[in-house]
Amino acid sequence: MITHQARLRTGQSLIAVSAVAVLFALAAKWTGPGLMAVEPVGMETHMNMEGAAVGSSAARPKTVVTPVSCERLPNVPGKSITTVVVVFPPNAYTPRHRHPGSVSAFVLKGTLRSQLAGGPVGTYAQGQTWFEPPGAIHLFAENASTTVPAELLATFIADDDCGPLTIPD
């Protein structure tokens, strides 16, 4: 028997995924047709800590990337949409990297800081989003808290192979 809490969590997850899909569609409208092209992740991935901005990189926890889905887009031959959950333990950090296509990030829990090359550092709380154009250099992303975990839902438009989503830079 499914509990009320399980139904509520499922409903919240569907709302979050739907919100990301809407945001991605809006981003596509704003940036034009060149939006489609990213490679998805395989199984759970831990980001390397090299290049940590604060303190020793060895001292910073790793993020954990867990794929949720990778589905081919029947109306866009050769492309897929991939959704992953990225868990940022307290003080976690991802070093400089880029993605082979477009990414929309939606903060599920906590507060994250993120910066793309040429842009300011952004601070994003639960319910806020950011967009990364194809090939943009993502200088870093980090949990703004040293005591509270954070999570984000990332949606990628990628090639059908569901391969790596992150390219270390």
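Accessible areas here come from the Shrake-Rupley method with a 1.4 Å probe, and for residues only the protein chains shown count as cover. On that basis the chain exposes about 8,900 Å², and carbon and sulfur atoms supply 62% of it.

Before going further, note that this is a predicted model, in which local features need pLDDT of at least 70, side-chain atom pairs count only at pLDDT 80 or more, and totals for chains, interfaces and linings use all residues. Residues are numbered from 1 along each chain as its sequence is written, and side-chain values use heavy atoms, leaving out hydrogens and water.

Let's start with the overall fold. The chain has one helix and 12 strands (DSSP runs numbered from the N terminus: H or I of at least four residues for helices, E of at least two for strands). Of the 169 residues, 37% count as buried, meaning under 20% relative accessible area with a 1.4 Å probe, protein chains only.

Now look at the aromatic pairs, of which there are two (ring centres within 6.5 Å, using the six-membered ring of Trp; planes under 30 degrees apart are stacked, over 60 edge-to-face, the rest tilted). Y93 and F140 are stacked because their ring centres lie 6.1 Å apart with planes at 5 degrees. Y93 belongs to strand β4 (residues 93-94) and F140 to strand β10 (residues 137-143), so this pair ties together parts 47 residues apart in sequence. Y93 is buried at 3% relative accessible area, and F140 is buried at 9%. The other pair, Y124 and W130, is tilted, with 4.7 Å between centres and 40 degrees between planes.

Notes. Buried < 20%, exposed > 50% of the residue type's maximum accessible area, 1.4 Å probe, protein only.
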